Number of protein chains: 2
Amino acid sequence: MLKEERHQHILTTLHQEGKVLASELATRLNVSEDTVRRDLHELADAHLIQRVHGGALLRSPALVSYTDRQQQAVQAKTEIARAAVKLVHNGQVIIFDGGTTTLQVAQFLPLDLQATIITNSAPIAMALANHSQIEIILIGGKFYKNSLVTVGVETVETLRSFRADLCMLGVCSLHPDLGLSVPSLDEAYVKRAMIASSADVVALAAADKLNTAAPYIVGPLRDLTHLITEAIVPPENLTPYQDLGIMVIQA
Amino acid sequence: MLKEERHQHILTTLHQEGKVLASELATRLNVSEDTVRRDLHELADAHLIQRVHGGALLRSPALVSYTDRQQQAVQAKTEIARAAVKLVHNGQVIIFDGGTTTLQVAQFLPLDLQATIITNSAPIAMALANHSQIEIILIGGKFYKNSLVTVGVETVETLRSFRADLCMLGVCSLHPDLGLSVPSLDEAYVKRAMIASSADVVALAAADKLNTAAPYIVGPLRDLTHLITEAIVPPENLTPYQDLGIMVIQA
DNA sequence: ATAATACGTGCATAAAAACGCATTGTCAAG
DNA sequence: CTTGACAATGCGTTTTTATGCACGTATTAT
């Protein structure tokens with residue numbers, strides 16, 4: 001049985017049954033558990049499955065609610081969120097970008113925080129509904145179903161009319177030379193407007209976002225004032241960012 | 001059963017039932033109570049649930065009250081929603097008011113409906129995210145935490161710039177003489193703007209909303225073209241509305 | 001006030017994963 | 001045919017993770 005065959009088999013059974021167990025696969029495929037583990041590791045690296053202790057699950061539990069989807073890679077996101085919250089202070093006006101990492105940050109904000117939060121993300125607005133001291137401005141526009149944020153001319157224009165102290169930016173791809181980039185043009189415009197309307201800009205990036213690039217450029221790294229990433233990242237990978245004057249924080 | 005599966009299960013039952021008991025989960029998931037406790041602890045650490053003695057609750061009281069409201073009189077709301085969906089046709093531009101009843105309607109819309117939906121409700125925008133043929137416009141403004149909708153000048157102004165075929169209006173209080181009324185001034189302005197921007201106006205009102213009044217008047221009943229209510233309502237209670245030329249539908 | 005239930009912690013155990021290393025098989029160049 | 005490079009696989013060892021149990025403490029209920 002070839003490796004590719006096994007991969008195929010793993011993916012199909014995963015889609016059929018919702019989960020696979022490493023031990024089960026080893027007997028079914030007549031290989032050692034080591035091999036299965038290696039297979040699963042490769043598939044997880046390619047973002048095709050979600051690796052968990054004992055086996056693997058579907059990466060995006062077929063169209064479950066956003067709040068559940070957010071459960072993935074909780075560990076890393078939680079740590080980043082905890083670090084990000086430390087940058088927030090009473091009385092600030094803060095722009096919150098969409099995305100699951102920024103949503104985590106929103107949920108970790110202290111319940112008694114006094115602030116104005118401006119966001120184009122419906123889940124973030126809803127998550128903040130029980131913070132009685134936070135004034136929430138939800139920015140309107142065309143609703144982008146994938147990431148549950150608004151985009152388009154109106155979103156960008158409305159953002160221009162604010163002047164925030166801080167901006168929590170969810171980052172898709174970050175590269176020392178190419179700068180920030182995202183997979184859709186609409187989102188690029190929105191993020192650009194967020195950056196322009198904010199004094200400080202905090203980028204939240206999991207380790208796998210570093211040194212990658214996407215089709216649409218948002219802007220150069222100089223735009224960032226802070227970068228928060230995981231503790232696992234080897235420090236030498238971060239020096240290019242520090243050299244640009246960005247305050248790099250490892251959660 | 002993998003740990004992540006249990007976590008998923010806990011989250012979904014929590015969303016469905018509003019609470020979970022540790023002891024119940026232990027038997028349901030076939031693990032010791034210790035394990036359940038550990039699971040709950042982890043989920044609470046990630047701010048996904050609110051841990052309490054004996055089990056766990058949804059984290060955000062606002063969302064709790066919202067889901068509570070959503071769970072009230074499901075029967076009636078479902079029937080009203082089914083009736084409301086029949087008024088919707090391909091190609092229309094439809095304004096959706098906030099509220100749990102209108103949210104039900106949104107969820108009952110056929111998955112292949114082609115339409116443009118304009119709403120100030122974050123949950124409705126999110127609920128429609130899996131309707132690929134619907135263009136969603138989310139209206140921005142100050143976010144009103146109680147009902148998870150936007151209100152304020154910007155919301156009203158933006159509504160003015162649209163001309164819709166249909167408006168699905170969630171109704172708080174309805175009275176033959178006093179007209180439509182709501183418990184907050186901001187919402188009154190918004191509903192007024194929605195009515196003004198729409199050709200047809202459909203009011204969705206459970207039986208207990210009929211012949212009641214609230215502090216802030218939205219407008220006279222003449223503004224309505226349709227009224228959908230429950231089947232239980234005695235027909236004689238509805239004649240005042242019919243006499244005003246409103247098309248009354250009993251679900 | 002007292003019983004019953006739930007909680008947290010430390011510990012033991014078993015399962016799973018990670019790691020290094022040896023073996024095997026394949027392919028291509030010599 | 002041989003040989004060396006290389007990927008794939010399996011094995012043994014160590015490390016990590018998950019889970020249940022025991023026990024003392026806290027919380028709730030009666």
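Biologist: Does B:Asn30 count as buried or exposed?

Modeller: First, the conventions. This is a predicted model, in which local features need pLDDT of at least 70 and side-chain atom pairs count only at pLDDT 80 or more, while totals for chains, interfaces and linings use all residues. Residues are numbered from 1 along each chain as its sequence is written, and chains are lettered from A and ligands numbered from 1 in the order in which they are written.
Burial is a count of neighbours: a residue is buried if 20 or more other C-beta atoms, placed from the backbone, lie within 10 Å of its own, exposed if 12 or fewer, and partly exposed in between. B:Asn30 counts as exposed because it has 10 C-beta neighbours inside 10 Å.

Biologist: Where is B:Asn30 found, and what is its phi?

Modeller: Most residues other than glycine have a negative phi. B:Asn30 has a positive phi of about 60° although it is not a glycine. B:Asn30 sits in the loop between H2 and H3 of chain B. Such labels are DSSP runs numbered from the N terminus, helices (H or I) of at least four residues and strands (E) of at least two.
A:Asn211 also takes a positive phi, near 60°. A:Asn211 is in the loop between strand S12 (198-204) and strand S13 (216-219) of chain A, and with 15 other C-beta atoms within 10 Å it is partly exposed.

Biologist: How do I read two packed helices?

Modeller: Two packed helices are described by the angle between their axes and the distance between the axes. Axes are lines fitted to C-alpha atoms, for helices over the stretch in contact, and angles run from 0 to 180 degrees between N-to-C directions. In chain A, helix H8 (residues 153-160) and helix H9 (residues 185-196) pack at about 5° with their axes 9 Å apart. That makes H8(A) roughly parallel to H9(A), a label for angles under 35 degrees; over 145 counts as roughly antiparallel, 65 to 115 as roughly perpendicular and the rest as oblique.

Biologist: Which residues of H8(A) and H9(A) meet?

Modeller: Contact requires that the C-beta atoms of two residues, placed from the backbone, lie within 7 Å. A:Thr155, A:Val156, A:Leu159 and A:Arg160 of H8(A) meet A:Tyr189, A:Val190, A:Ala193 and A:Met194 of H9(A). By class, this contact has 6 nonpolar, 1 polar and 1 charged residues. Ala, Val, Leu, Ile, Met, Phe, Trp, Tyr, Cys and Pro count as nonpolar, Asp, Glu, Lys and Arg as charged, and the others, Gly among them, as polar.

Biologist: How is a sheet described?

Modeller: By the order and pairing of its strands; two strands pair if DSSP finds at least two bridges between them. In chain B, 3 strands form an open, antiparallel sheet in the order S1-S3-S2. Strand S1 (19-21) and strand S2 (50-52) of chain B stand at the edges with a single partner strand each, so one side of each has no neighbour in the sheet. Neighbouring strands are turned by 20° against each other on average, direction ignored. S1(B) is joined to strand S3 (residues 55-57) of chain B by 3 bridges, and B:Lys19 has B:Leu57 in S3(B) as its bridge partner. H1(B) packs on the sheet, touching S1 and S3 of chain B, with its direction at about 125° to that of S1(B).

Biologist: How many residues of chain B are in contact with chain A?

Modeller: 31 residues of chain B contact 34 residues of chain A. H1(B) gives the largest share of the chain B side, 6 residues. That side has 17 nonpolar, 9 polar and 5 charged residues.

Biologist: Which residues are closest to DNA strand C?

Modeller: 14 residues surround DNA strand C, and the closest are A:Ala22, A:Ser23, A:Gly54, B:Ala22 and B:Ser23. The surface near DNA strand C divides into 2 nonpolar, 8 polar and 4 charged residues. Around DNA strand D are residues of both chains, including A:Lys3, A:His53, B:Lys3 and B:His53. The surface near DNA strand D has 2 nonpolar, 6 polar and 4 charged residues.

Terms used: Near = placed C-beta within 6 Å.
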